[in-house]
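Colleague: I've got a model open and would like to learn how to read it. Could you walk me through a few features?

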Amino acid sequence: IRRKLIQSLQPAVEIDEMLKTIKCIETIRESRQRFDNSKANLEVDKLEKRWRKRWPSPLYDPSEVWERVVTFRSRLMGALVNIVPEIQTSSIVTLRTDMCLQAADGLREVGQVVLSQKFLRKYIEAIQQTQQTAAQSDWKVYDALFKLKILSGSGQALRKTLEMCRARLDEGAWKPNERISATILEARMCEQLAKAHDSGDAPDLAIAAVDRYMDAARESESIGDVAKMSQASLRLAHFCDTMLENLYCETESNTTSESANAVNKWLESSLDESASNMTEIFIRHALKALEISGSGEMSARHLIPRLLVLLRTEFSPGALRDFGSAILRVPSWLFLDWIPQLLSMLAEEASVQDVIAPLLQRLISKYPSAVRPHFDLINTNLDQNISERISFALTSSMHDGFNRAIELLDFPMNRLAWFRQQIQLREYEGNVSGVQRLVQRLLEDLAPTESNSFGAINARFAEVAGPILKQAIACDINGSRMHDALKQAEQRIGSVWNSKYAALESSSRIRLIDFSTWFNAFEPHDCAAIL
């Protein structure tokens with residue numbers, strides 16, 4: 001709702017900003033005999049920087065917002081040229097053309113392919129109609145053309161576009177960062193053709209796609225272009241995942257198993273020792289994308305479940321080595337949603353445990369409260385030594401003291417009734433050891449030999465209930481009819497407790513420290529808390 005309210009105000013705000021810009025440019029025109037285009041450029045640049053921050057979000061905004069913003073801004077720029085006809089600024093041309101490309105990318109991300117194609121065509125037409133030099137417009141035109149063909153081109157048209165892209169790359173026509181973008185687009189075209197049913201050379205195209213993605217990732221890393229490195233690694237990981245699914249018949253994919261096998265054989269015969277199969281390529285580049293995603297890009301997080309599945313099922317020495325070396329550079333918080341899966345992998349082979357252990361150690365160290373509940377559920381299925389080490393690492397006197405204090409906030413008679421009901425269930429199940437464990441917990445909770453955390457209420461209850469409970473438990477030491485013995489003991493304890501302290505439980509105001517002395521640090525003795 002808030003986004004919609006703000007979006008309805010955006011046109012009014014941008015009209016006001018445009019009027020201010022026009023006023024500034026007219027002031028420049030009136031103050032000089034000859035119009036100063038450099039100062040006009042500065043004013044338009046300021047406007048463009050403000051507008052750049054207000055582009056819609058592909059995650060939260062519908063396609064109508066994208067189309068409305070681009071159309072409205074384009075008309076505002078047209079109005080500026082009509083009001084100040086002598087203005088000749090490259091900023092206006094760039095702004096009006098780049099808006100179409102920005103909208104095309106955003107609409108593609110929200111799933112509006114047809115509208116995206118429409119804006120790509122507008123962008124190509126606008127670039128061709130401008131007075132820009134060939135060097136300025138060359139890459140922009142080809143970039144838009146390649147994206148348009150990937151979105152809408154037929155197989156034959158896409159092949160021609162692929163040949164064009166390769167020819168331009170061989171000519172060395174573009175700057176290094178533009179060449180990397182072109183290489184990623186070339187790989188996308190190869191990937192799309194490899195997935196087509198009618199591609200007789202699908203294996204060769206699949207190999208080319210993997211090779212070009214890897215080249216783009218290496219080149220972008222060498223020049224420090226983090227965004228393009230993330231894009232290349234992420235697309236390569238997704239493509240390898242698709243081929244692995246089809247290779248092991250997990251899904252009905254357009255990528256043939258023949259292509260997947262061909263890529264695997266090509267990687268195995270490659271001179272690059274660091275790349276021996278698709279699983280290792282997927283793990284390496286998925287982790288590389290995750291490493292970069294810690295600084296803002298979240299789409300790589302969707303690769304984590306697949307990554308953990310492959311580690312569990314395809315734990316080759318190379319895959320484990322890649323994971324173990326790369327995981328140290330990935331932010332540990334990205335794995336918070338998959339703590340149960342990570343803990344369950346401790347029951348796998350020792351080689352898997354060795355590569356998972358460092359990640360779990362970081363999670364336990366930084367986020368113990370997130371690990372603890374999942375560990376409590378799974379610790380009985382783990383090796384005893386592993387379970388004890390994790391328990392020791394998660395030990396926290398503050399956590400244990402808080403939990404105990406919260407337990408003691410319940411009236412002791414209620415806790416006694418709960419233990420009796422649980423013991424009755426275990427007796428019906430014939431679980432003698434379970435009964436004995438519950439009896440031990442009952443004594444530790446309600447009648448401990450010593451407890452520094454008991455408040456006045458629980459301390460008095462322990463004095464009343466301790467002897468009666470111990471006597472009842474001693475009479476039925478085997479636990480065969482423990483429920484009946486506890487029921488009689490509960491009646492005796494209730495009778496004594498109500499005769500002495502009935503007013504306590506009916507009171508509307510009881511101090512927290514009367515339940516547990518742990519609350520001493522938070523509640524003054526002269527203060528009462530309403531329960």
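This is a predicted model: local features need pLDDT of at least 70, side-chain atom pairs count only at pLDDT 80 or more; totals for chains, interfaces and linings use all residues.

Colleague: How many helices and strands does the protein have?

Modeller: Helices (H or I, at least four residues) and strands (E, at least two) are DSSP runs, numbered from the N terminus. Here you get 23 helices and 0 strands.

Colleague: And what share of the residues is buried?

Modeller: Buried means under 20% relative accessible area, with a 1.4 Å probe and protein chains only. In this protein that covers 47% of the 531 residues.

Colleague: How many disulfides are there?

Modeller: A disulfide is a pair of cysteine sulfur atoms within 2.5 Å. The count is 0. Take Cys165: the nearest cysteine sulfur belongs to Cys190, 8.6 Å away. Cys165 is buried because its relative accessibility is 0%, and Cys240 is buried at 0% too.

Colleague: How do I describe two packed helices?

Modeller: By the angle between their axes and the distance between the axes. The axes of helix 20 (residues 412-429) and helix 22 (residues 456-475) come within 10 Å and cross at roughly 40°. Contact means heavy atoms within 4.5 Å; among the residues making it are Met413 of helix 20 and Phe461 of helix 22.

Terms used. Residues are numbered from 1 along each chain as its sequence is written. Side-chain values use heavy atoms; hydrogens and water are left out. Buried means under 20% relative accessible area, exposed over 50%, partly exposed in between (1.4 Å probe, protein chains only). Axes are lines fitted to C-alpha atoms, for helices over the stretch in contact, and angles run from 0 to 180 degrees between N-to-C directions.
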